[in-house]
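Please read this report alongside the structure. It goes through domains, chains and ligands in turn.

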Amino acid sequence: MSILVFIEVRDGKIRRVSHEVLGAARRLADSMGGKPVVAVVVGSAIQDVPSLGPAGADKALVCDAPQFEKYSPDGYATVVAAAVGRSGADTALFAATSMGKDLSPRVAARLKAGLATDCTALGAEGGRVVATRPVMAGKALAEVRWDGLQVASLRPKIFEALAPDSSRSVAVESLAPGVSEADLKVRTVEVKAASAGKLDLTEAEVIVSGGRGMKGPENYNILEDLAAALGGVVGASRAAVDAGWRPHGDQVGQTGKTVSPKLYVACGISGAIQHLAGISSSRCIVAINKDAEAPIFKVADYGLVGDVFEVVPALTEAVKKLNSH
Amino acid sequence: MKIVVCLKQVPDSETRVKLDPTGKSLDSAGVSLVVNPYDEYAIEEALKLKEAAGAGEVIILTLGASGAATAIRNALAMGADRGILLKADTANADARAISEALSSTIKELSPDLVLCGKQAIDDDGAQVGPRIAELLGWPCVTVVTKLEISPGKVRAEREIEGGIEVCECALPAVITAQKGLNEPRYASLKGIMAAKKKEILEQDVTLSAPGLVTSSMSLPAGRSAGRMVGSGKEAVPELVRILREEARVI
Ligand SMILES: Cc1cc2nc3c(=O)[nH]c(=O)nc-3n(C[C@H](O)[C@H](O)[C@H](O)COP(=O)(O)OP(=O)(O)OC[C@H]3O[C@@H](n4cnc5c(N)ncnc54)[C@H](O)[C@@H]3O)c2cc1C
Ligand SMILES: Nc1ncnc2c1ncn2[C@@H]1O[C@H](COP(=O)(O)O)[C@@H](O)[C@H]1O
């Protein structure tokens, strides 16, 4: 019995989040007496497969085909389902990214397996996996177990990648796509980048978010400046998104993104329960709000009462000064 | 065009959760139930597609307890044509069992399109839509923010990290709706009155055994209020010092 890990490739490159999943798989495998960890890698002109060894994989099943240059739900599902069979896996792990969230239910359905999505902890008990997953946007935690094949997706930025161990190497085998162009029911015809190089909120180490207190879309430049100084990205409350100030993809919260950055700076955000649901796994929350009674201060690690238009630019300057030292 | 919208009734997003005495599930006492917010986008899209086509039918399909009829009624008040409630005991159900039950009803209905929410805000599973598609052997595009349907063909935009994927597939298909797809309408008074006369067909179903079992529930250690650093820009140097030296996050 082995643990299979789906490795996500975009533009030929292995995504960092897959190293997190490999790290989680390796630790789980070791705690279960050292089962093999098998990576399944799907894409086109895939680079850096040998790096999977030092990252925790014993074996890599690589399906490198031009037809998989872009994500294909049906094609990838066929390959991954075949890899489960070939590797004799009793567990299949994915990252809970947009690709992993799309792919894992399809693979689970094909293999008639239970699926635990967006897990935040994995453990072993009596040779079986026990996982923790947040429900109700993190207001509660469910402990889950499987009957049969164990399929799970893991929330990004929660599990740590291993420090690369160069003494480990990976045995590489190739895997045929097993599907023709005609079998692909959904085709990805185009990938539009939102703004080149912009990090997604779910992957960012630092997020500076603005709410209704920002007063209008034109004022977000002060948040962009602070985010740039901190090496982060800008997010928003639903009030700001609904007002049309920011795109939907920027919304943080129960019906937006669940984020887990190192630092979350809430600017002019009151701290409604739905907003807090999306930020509770942040390591450090800073709130800047002119209302000392705002609920956000009840969850923030550090609070500053003040006008965002005065405090944020001063903070940006102070951070820049610190960086230049 | 015949469209099925899968609608789930869920606790209001304002809900403050409590565990029930068994520690295996959440206490449902006093919790108000609503239409899953993402399913509202699915309903709106279905209604718009029907209006644009000038013909067709929008069927709301829900699996849940008898009380879930209220949520179906809400969708009928928005303008959907009829509802089907699969009554089941969902205490130990998982997405595999629920998708099986939903897909067998969908198969009988044989629609052109199935719309789901991208995720139910109670279990946060985000899997019922694509599972239904796999069970039916239909194409599926998830987390859709833009949908265009021309005869027999679907063009959908889905949100991915840092961008948008544009996908194409044939009908029949399953689409899961993301915020941004549209602006759900409110039910008009006329709609609410009309909904009272619309049919909701109730059927008892027995779910198959789950593949995923919840063994216990717990509440996360809540974040406690931290420290007020001060007020105004005078407090900025202290905040920066704390973030660097104590929190070590900058
Ligand atoms: C089903 C449902 C789902 C939802 N999902 C989400 C979600 O995913 N994410 C989300 O964020 N919300 C969500 N909400 C909405 C949520 O309930 C709140 O309405 C929303 O979060 C409020 O946004 P806000 O804090 O920006 O605005 P407000 O609550 O209006 O707060 C603005 C804050 O700015 C402060 N302020 C004003 N001017 C200044 C200034 N010059 N300087 C400093 N501070 C200032 C004010 O003191 C106030 O605290 C959802 C609601 C529902 C019903
Ligand atoms: N019990 C149910 N009845 C009807 N539709 C459901 C049910 N559960 C889930 N769905 C649909 O599947 C979507 C995703 O749910 P989930 O996979 O539970 O997050 C929901 O937004 C609904 O459209």
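The sections below cover the model, its chain and domain interfaces, and its ligands.

## The model

This is a predicted model; local features need pLDDT of at least 70, side-chain atom pairs count only at pLDDT 80 or more, and totals for chains, interfaces and linings use all residues. Residues are numbered from 1 along each chain as its sequence is written, chains are lettered from A and ligands numbered from 1 in the order in which they are written, and side-chain values use heavy atoms, with hydrogens and water left out.

## Where chain B meets chain A

Start with the two chains. In chain B, 78 residues are in contact with 88 residues of chain A (contact means heavy atoms within 4.5 Å). Together chain B and chain A bury about 6900 Å². Carbon and sulfur atoms carry 54% of that area. Buried area is the accessible area (1.4 Å probe) that two parts lose on being put together, summed over both. On the chain B side, B:Glu161, B:Lys179 and B:Arg223 lose the most area to chain A. These three residues account together for 12% of what that side buries.

Charged pairs also link the chains. There are 7 salt bridges between chain B and chain A (a side-chain nitrogen of Lys or Arg within 4 Å of a carboxyl oxygen of Asp or Glu). One of them joins A:Asp242 to B:Lys179, with the closest N and O atoms 2.9 Å apart. B:Lys179 is also among the residues that lose the most area to chain A. Across this interface, 47 residue pairs are in polar contact, both residues at pLDDT 80 or more. A polar contact is a pair of N or O atoms within 3.5 Å; within protein, one must be able to donate a hydrogen and the other to accept it, and residues adjacent in sequence count only if both atoms are side-chain atoms.

## Two domains in chain A

Chain A is divided into domain 1 (2-183) and domain 2 (201-324). These bounds come from an automatic or database domain assignment. The C-alpha centres of the two domains lie 33 Å apart. In domain 1, 8 residues are in contact with 10 residues of domain 2. The two domains bury about 800 Å² between them, 47% of it on carbon and sulfur atoms. On the domain 1 side, A:Ala137, A:Lys139 and A:Lys157 lose the most area to domain 2, together 60% of what that side buries.

The count between these domains is 2 salt bridges. A:Lys157 forms a salt bridge with A:Glu205, the closest N and O atoms being 3.1 Å apart. The side of domain 1 that touches domain 2 has 4 nonpolar, no polar and 4 charged residues. Here Ala, Val, Leu, Ile, Met, Phe, Trp, Tyr, Cys and Pro count as nonpolar, Asp, Glu, Lys and Arg as charged, and the others, Gly among them, as polar.

## Ligand 1

Ligand 1 lies between chains A and B. It is surrounded by 28 residues (each with a heavy atom within 4 Å). The closest are A:Arg212, A:Ser237, A:Thr255, A:Ser270 and A:Gln274.

An N or O atom in the side chain of A:Arg212 is 2.7 Å from one. For A:Ser237, the distance from a polar side-chain atom is 2.6 Å. For A:Asn289, it is 2.8 Å from a side-chain N or O atom. Taken alone, ligand 1 exposes 990 Å², and the protein buries 80% of that (Shrake-Rupley method with a 1.4 Å probe; for residues, only the protein chains shown count as cover).

## Ligand 2

Around ligand 2 there are 19 residues. The closest are B:Cys6, B:Asp39, B:Ala120, B:Ala126 and B:Gln127.

A polar backbone atom of B:Cys6 is 2.6 Å from an oxygen atom of ligand 2. An N or O atom in the side chain of B:Asn36 is 3.0 Å from an oxygen atom of ligand 2. For B:Gly125, a polar backbone atom is 3.2 Å from a ligand 2 oxygen. On its own, ligand 2 has 480 Å² of accessible area, and the protein covers 98% of it.
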